[in-house]
Structure formats: C-alpha cells, structure tokens
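Thanks, everyone. I will go through one chain today, starting with the overall counts and then moving to particular side chains. Please have the model open while I talk.

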Amino acid sequence: MHTLPAPLLVLLYLFIFLLSPLNVPAAADEDNPFTPKAFLNRYWNKEVRNDLPKPTFLFSKVSPLTAVQSAAFAKLAAQNALSSRLPEFCSAANLLCFPDLSPSLAKHESTSNFAVYSNKNFTTYGTQRSGGIDSFKNYSNGDNVVVDSFRRYSHEALGHTDQFSAYGTDTNVPDQSFNTYASKAVGGNGGFTTYEQSVNVPNLRFTTYSSDATGRSQSFKSYSENANAGDQSFVNYGKRGNGGPNEFTGYGTNANVIGSGFSSYGANGNGANDTFTNYGNEQNNPQNNFRSYGDGGNGAIESFSSYRDQANVGDDSFQSYSKNSNSAKVNFANYGKSFNEGTDKFSGYGQNGNGQSVGFKTYGVNTTFKDYAKQGISFAKYSNVSSGGAKMSVSESLAKRWVEPGKFFRESMLRKGTVMAMPDIRDKMPKRSFLPRSILSKLPFSSSKLEVMKQIFHAGDNSSMETMMTETLRDCERTPSAGETKRCVGSVEDMIDFATSVLGRNVVVRTTENTKGSKGNIMIGAVKGIEGGKVTESVSCHQSLFPYLLYYCHSVPKVRVYEAELLDPTSKATINHGVAICHLDTSAWSPAHGAFIALGSAPGRVEVCHWIFENDMTWSVAD
C-alpha cells in the first residue's frame, strides 16, 4: 500500500477544508498526526531529554484546532485575511475575542427595565426623551468580556432618569463606552451605584458625558470598588454644563492599580458642584490625572474629602486645574494621606483665576506645585514627607486589604505542621488556548504593528482590546532588568524553547495541583526542596491578557523551589499539592512591592516566597 508524502497530505487536508465547514469536531481528529497536539507531542520528545511524564496541565492548553482548521486558518493568516473569519476563528481556537455589538436598541418603552442583558448597543437610546426611568439593575453581572455601548444615550432628554445599579458586578474585562451620554439634557439624573464592582481589568469611557447639560445630576457611588487594574476615562465630562452636581462617593475603594483620567472635566461650566468623597481610599497604587479640570469655569465648587486616604503609593496629576476660572472654590481635606510615598503634581493650578479659594487641610505626601496661583491659596497641616524618605506605618488590617493574606510568606513557614493562610490562587483570567506555531508565526506581535493587530482582532480605538494589546506589548517589549532573561510566548513550543535555552534540556515544569484551600487556612505537610533545596535558577511563566493564551516567561536567579503537601487543618487530610518558589535576593525589587507591605520589610532585607497560582508555572532542572 502506497502512502502520500507529508506535503501532499497537508494539501489534501487544505482541499478538504475548503469544501467543508470550519466547525469540525476535534474528537474526530484525535488520531490525526497533523493536529497541534500531535505536533507538540513530537516536539516535546525531541527537545526535552528525560523520561518524566509529560505535564498534562500544560498539554491541556494546546490549541483545540483540528488539522484541517489549522491549515486553513494558517493560510488565512498568511494572506492577512483572518479578520474576515474572526468569529469562527475565535470560537474554534478558544480565543478571547470581543463580540461585535448587536443593532441599536434605540426604540423602547418610556420606562424600561434592563435585567440579565449583556453586550448590547444603546446608541441614540433615549434621545429627546421626556421623563421616564431606565433601570440597568444586575446588568451583565458575572459575565466574561462585557461589551456595551451607550453612545448618544439620553441626548437632549428632559427630566429623564437612568439607574445603573449593581451593573457589571464580578465581570471579567468589561468594556463600556458612554460617548456623548446625556449631552444637552435638561434635568433628570444618572445614578451609578455599585457599578463594575469586583471586576477584573475594567475599561470604562465617559466621553463628552453630560456636556452642555442643565441641572442634571450624576452620582457615582461604590464605583469600581475592589476592581483589579484597568482604566476609567472621563473626557469632556460636564463640559459647558450648567448647575449640575456630580458626586463620586466610594469610587475605586480597595481597588488595585486603577487609572482614572479626568480631561477637560467641567471645563467652561457654570455653577458646577463636584464632590469626591472617599475617592480612591485604601487603593493600591492608584493613578489619577486631572487635566484642564474646571478650566474656564464659573463659580464652581470642588470638594476632595478623604481623597486617596491611606492608599499605597499612587500618582496624581493636576494640570491646569481650575485655570482661568472665576470664583472657583476647591477644598482638599485629608487628601493623599498615603502610606509609602506617592507623587502629586499641581502644574498651572488655579493660574490666571479670578477670586478663587483653594484650601489644603491635612494634606500629604511628596507634592510639587509648579506655576501655581499665588492668591487665594491656604495650607493647613500640610504634611509633606521629609527628604529622608520617612513613611507612615501600615496597619495590619490595611496590609491585609492591599495584599491578600498568605500571598507572600517567609521561607521558614514551609515546615511540616505550619498552619497558614492560603490566598485565592484561582485563575481570574479568561479561558483561552495557545495558538499553533503554524498560525502564530504569521501574526504580527509588535507595538509597531498595533494597527494591523487591531484590524485582525476587530479592536476599536480606545477599546479594552486595544488597551489589552498595548499593555501586554509594553510588558513584553520592556528592557529586561539586571540579570533577567525574558520572552513572551504564544505557543507551547515557544515556551519549551525558552525554558531549555535557559536551563538546558533536562527540565521539568510544575504548578500547584488544584485550587483547594484557596481563601482559607491550610496546614503544611511533607515538604521537598527541588534539587535538594539548593539555590538554583528557574523559569517562571505568568499569563498575560491577550486574545490568545500568552505567557510572560522570565529567568529567576537565586531561588529555591519547593513542593509541599497541603492539608486540611482540621481533618489533616491531603487536599492539594502545592509548588512554592522563594526569591532569595529582593534587593532590586520596588519598595512599594506588595511583599514588603505584607511582611513589613524592605528590599534586600528578607527572602520572599509565594505559591505558584493556578495556570502559572515554574520550570527547573529535573532532579
């Protein structure tokens, strides 16, 4: 019996693909030698020089594409035509792709209730509405990748009320756009209560929100509390508004690395009344930018009470704030009483204003004032940090809020019988798969090719997808730190290549077995030091947020790696098999690193250990 040469077989599969649907079940392709999984098996056997069992957790992330699909999508990628089949590609390859919005819901009843909705387009919704209430309660809650557009919503409405309560709670990577929302509206109010709470990587845009509105109030209460990373953008918010109060209460409290931008907020407004109460409190490293805020306004009242109080580090920039304003009153009370040094910059603040009154009461830390108005400014109990680098002490309760108990620990804790807190090691990232190298090699991955990447994955300007791509590319293209070797990998084959280039071919990859014990107490059972507990080098790989599964892998020198049985403290039954890594040299780490907040120490003074979380992994030389 004659067999066809391999190249002809590939052409045959491609021909079959062109005559068949793309959604071929993977089960029918299990024995095919041209599937991504079959290729990985051969690659592992060739590159890894030991007889240890293959890591099933890593192999489970291989692309689910069939041989036919792989060949077809690789051809589309080579022709730069993948975007034409993006929904099919994303579905078949198990990728993170944002849905294209449905047609606009512009026509609706005078009073509407939107519950259990998601991924909708509310363009020109509520235009010129008179009265009525729209309620978005429990909207898009618990979803993965929420994309909603509220463009020209309530435009020129009269006395219309919008209620966003418990909107998008516990979602992953929400993308919300409020462009020209409530512009030229008269009266009414918009309420955002418990909006985007406990979400992961939010991207929220309020562009030209309530501009030219009269007497319309906006309230943001418990907005983005307990959120992780992400950005909020308020551009031209309330611009040329007339007497509309805006209230930000409990905004971003306990959030982790949230960036907020207020550009031209309230510019040329008349009688604006904005209150920021408990804004950014107890956040970890908040980044807030107030640019041309209140510029040219008349009679505005701005109040920052307990703003960024007891936050960790963080940077605020007030550029041209209340510049050219008339009779503005601004009050900063208990502003920026941060732990560890933050940075606050006031450039051109209140400059060329007329009759303004600005008060700083109990204000700190590490602040610079440049081109600042010389009249109408008062400072009371200003507590700038000394040049000696003193810092406020962090209470145990705040340390636990910023850094989850058990996330970092000392090496001495890895002893049999120790009872300790276990952090939530569950993977919070969207579920995705690697791409086959045959497709990955044909896709651009560079900041210089961002526009092409956006076109492939249907990423709009300023969208969550664009932000995700930009930030991941920035991390991947960052210059390695001293002694570090790093690489971002989008296929298992690329990960194998990097790990073996650093450690040699006799390698093993490990991760914590499951997530049992998360957010509770565990007891340490038997402990084994990898390579006999010697100081060694490892390669750690952490997930990055990207359409396909992408890992940031880097060499980690001067570590010890451990395996430990994790027991239930009450029954003493084994519930998990943990992998921990201890970094022995922390001298180059940032003083604001969460490990030093949790352990009450500083760079270079202590070793820092942590568990390998779900779907992260560490490579080392095999014992």
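First, a term: two residues are in contact when they have heavy atoms within 4.5 Å of each other. With that in hand, look at contacts in the chain with a separation of 6 or more: residues 24 or more positions apart account for 75% of them. Keep in mind that this is a predicted model.

The secondary structure comes to 11 helices and 29 strands. The chain has 623 residues, and 52% of them count as buried.

Now the charged pairs. Side chains of opposite charge can pair when their charged atoms come close. The whole structure has 17 salt bridges. One of them joins Asp-494 to Arg-437, with 2.7 Å between the closest N and O atoms. This pair links distant parts of the chain, since Asp-494 sits in helix H10 (residues 492–503) and Arg-437 in helix H7 (residues 437–440), 57 residues apart. Asp-494 is buried, at a relative accessible area of 11%, while Arg-437 counts as partly exposed at 25%.

A second salt bridge, at 2.6 Å from N to O, brings together Asp-461 and Lys-454. Lys-454, at 4% relative accessibility, counts as buried.

Arg-510 is buried, with a relative accessible area of 11%. Why does Glu-563 count as buried? Its relative accessibility is 16%, and buried means under 20%. Strand S26 covers residues 550–567. Beyond its neighbours within four places in sequence, Glu-563 has contacts that include Arg-510, Ala-526, Lys-528, His-577 and Val-579.

On to the rings. A pair of aromatic rings is described by the distance of the centres and the angle of the planes. A search of the whole structure finds nine aromatic pairs. In the pair Trp-44 and Trp-619, the centres are 6.1 Å apart and the planes are at 40°, so the pair is tilted. Trp-44 belongs to helix H2 (residues 36–47) and Trp-619 to strand S29 (residues 617–621), so this pair links distant parts of the chain, 575 residues apart. Both Trp-44 and Trp-619 are buried. Phe-546 and Tyr-548 make an edge-to-face pair, 5.0 Å centre to centre with 75° between the planes. Phe-546 is buried at 1% relative accessible area, and Tyr-548 is buried at 2%. Returning to the tryptophans, Trp-44 and Trp-619 form one aromatic cluster with Phe-59.

Next, helix H9, residues 464–477. At 1.5 Å a residue, its 14 residues should span 20 Å, and the end C-alpha atoms are 20 Å apart, which agrees. Its buried residues include Met-465, Met-468, Met-469, Thr-472 and Cys-476.

Last, some backbone angles. Glu-531 has a positive phi, near 55°, and is found in the loop between strands S24 (520–529) and S25 (536–544). Asn-615 also has a positive phi, near 70°, in the loop between strand S28 (608–611) and S29. Asn-615 is buried, with a relative accessible area of 18%.

Notes:
Residues are numbered from 1 along each chain as its sequence is written. This is a predicted model: local features need pLDDT of at least 70, side-chain atom pairs count only at pLDDT 80 or more; totals for chains, interfaces and linings use all residues. Side-chain values use heavy atoms; hydrogens and water are left out. Helices (H or I, at least four residues) and strands (E, at least two) are DSSP runs, numbered from the N terminus. The expected span of a helix is 1.5 Å times one less than its number of residues. Buried means under 20% relative accessible area, exposed over 50%, partly exposed in between (1.4 Å probe, protein chains only). Rings of Phe, Tyr and Trp (its six-membered ring) pair if their centres lie within 6.5 Å; planes under 30 degrees apart count as stacked, over 60 as edge-to-face and the rest as tilted. A salt bridge is a side-chain nitrogen of Lys or Arg within 4 Å of a carboxyl oxygen of Asp or Glu.
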